[in-house]
Amino acid sequence: MKPEHRTYIRARSNLLIDVATFIAFLIATAPRLSGIGIHEWLGIAFAAAIIVHLLLHWQWIVALSKTMLRKARASSRLGYLLNLALFIDVTLLTFTGLMISEVALPLFGLRLPRGFLWRGLHSTTSNIAVLLIGLHLALHWQWVLKTTARIFGLVRPTAKPRQEVSQ
Amino acid sequence: MKIIARVLIILSAALLVVGATMAFASSASSGSGGIGPGRDGFERRPPAGAAEGSRPPGFLPGGAFGRGEGRGDHEGGRGMPAAFELLKNLVIIAVIIAISTLISRLTDGLRPQRR
Ligand code: HEM
């Protein structure tokens, strides 16, 4: 398989996973729409998808973690800090969700006392996640547009093969 | 093997965040008496019949969203308000992307062209 084709397939599966993760997140932000059971399982699936997302972009994380304090560009540094904040926020969102779980954890026989602090934190981290995911998407918007255009054949075949923009 | 190691690294980082939050929650609550977060974030309940003002908005006792079982129930059903929540968040994200794209276009335009 040609390297460009391999890059294309990889970018396509990355985009599909990212779109599914985003849709899951969006539905999870409206638990009254989905109902609490779907909300909880979708939230757990979202956390699992984030782990997959991080694994897919592992090279970027390692490369930037190594150069973070030295020679990374200002925009990369900003992106790194934003992603770090997003990781912390999503971790807290999932954790507080589990702490107030009414369907998923009781299924495994776990019933925690109702924690009002965790509820408030769950709501706050959800609101912050909306903002941070918006910024995260904005940061990679060119990649999203380019990959979408390639998938739907909107890029002219005569165009020079591009260097893949890794997320 | 490599993937398992990476997953473990991610989970350890998440555990660190959770540990720090638990520590913060219990240290923040150790000084407060009466109503407020108790140890490990579990709130001490207000005495029976106390005012309802101390709860975070949207959370009422007795179940999700304070209405029975809360399965999709809000202001009379699954209609507008619930879908509006999703739409509102989608619009917020779209606005953030639009503003960021505009700013980056403007700053690119201001940057001197390379030959
Ligand atoms: C993508 C991840 C998630 C997002 C964006 C999210 C968002 C939200 C939002 C916006 C609310 C309503 C808060 C309010 O009314 O002020 C909520 C409530 C709730 N969430 Fe999540 N959540 C997520 C993950 C989870 C997970 C993983 C669980 C548990 C396994 C969970 C369990 C709950 C429960 C039980 C409530 C209802 C609390 C109550 O009213 O008593 N959430 N969530």
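**View 1. Helix α1(A) passes α3(A) in a left-handed crossing.** The model shown is predicted. Helix α1 covers residues 3-28 of chain A. Its axis lies 9 Å from that of α3(A), and the two helices pack at an angle of about 150°. Angles over 145 degrees count as roughly antiparallel, so α1(A) and α3(A) are roughly antiparallel to each other.

**View 2. Residues of α1(A) meet residues of α3(A).** On the α1(A) side, the contacting residues include Arg10(A), Asn14(A), Ile17(A), Asp18(A) and Phe25(A). On the α3(A) side, they include Leu42(A), Phe46(A), Ile50(A), His53(A) and Leu56(A). His39(A) is also among the α3(A) residues in this contact.

View 3. Ideal angles for six octahedral donors are 90 or 180 degrees.

**View 4. His39(A) and His122(A) come from two helices.** His39(A) lies in α3 (residues 36-56) and His122(A) in α7 (residues 116-139), so the pair ties together parts that are 83 residues apart in sequence. His39(A) is buried, with a relative accessible area of 14%. His122(A) is buried too, at 15%.

**View 5. Ser34(A) lies in helix α2 of chain A.** This helix spans residues 31-34. Ser34(A) has a relative accessible area of 12% and is buried. Leu16(A) is 18 residues away along the chain, and 22 Å separates the C-alpha atoms of Leu16(A) and Ser34(A).

Note on methods
Residues numbered from 1 in each chain as written. Chains lettered and ligands numbered in written order. Predicted model: local features only at pLDDT ≥ 70, side-chain atom pairs only at ≥ 80, totals over all residues. Heavy atoms only, no water. Helix = DSSP H or I, 4+ residues; strand = E, 2+ residues; numbered from the N terminus. Buried < 20%, exposed > 50% of the residue type's maximum accessible area, 1.4 Å probe, protein only. Axes fitted to C-alpha atoms, helices over the stretch in contact; angles between N-to-C directions. Parallel < 35°, antiparallel > 145°, perpendicular 65-115°, else oblique. Left-handed = near helix turned anticlockwise from the far one by under 90°. Contact = heavy atoms within 4.5 Å.
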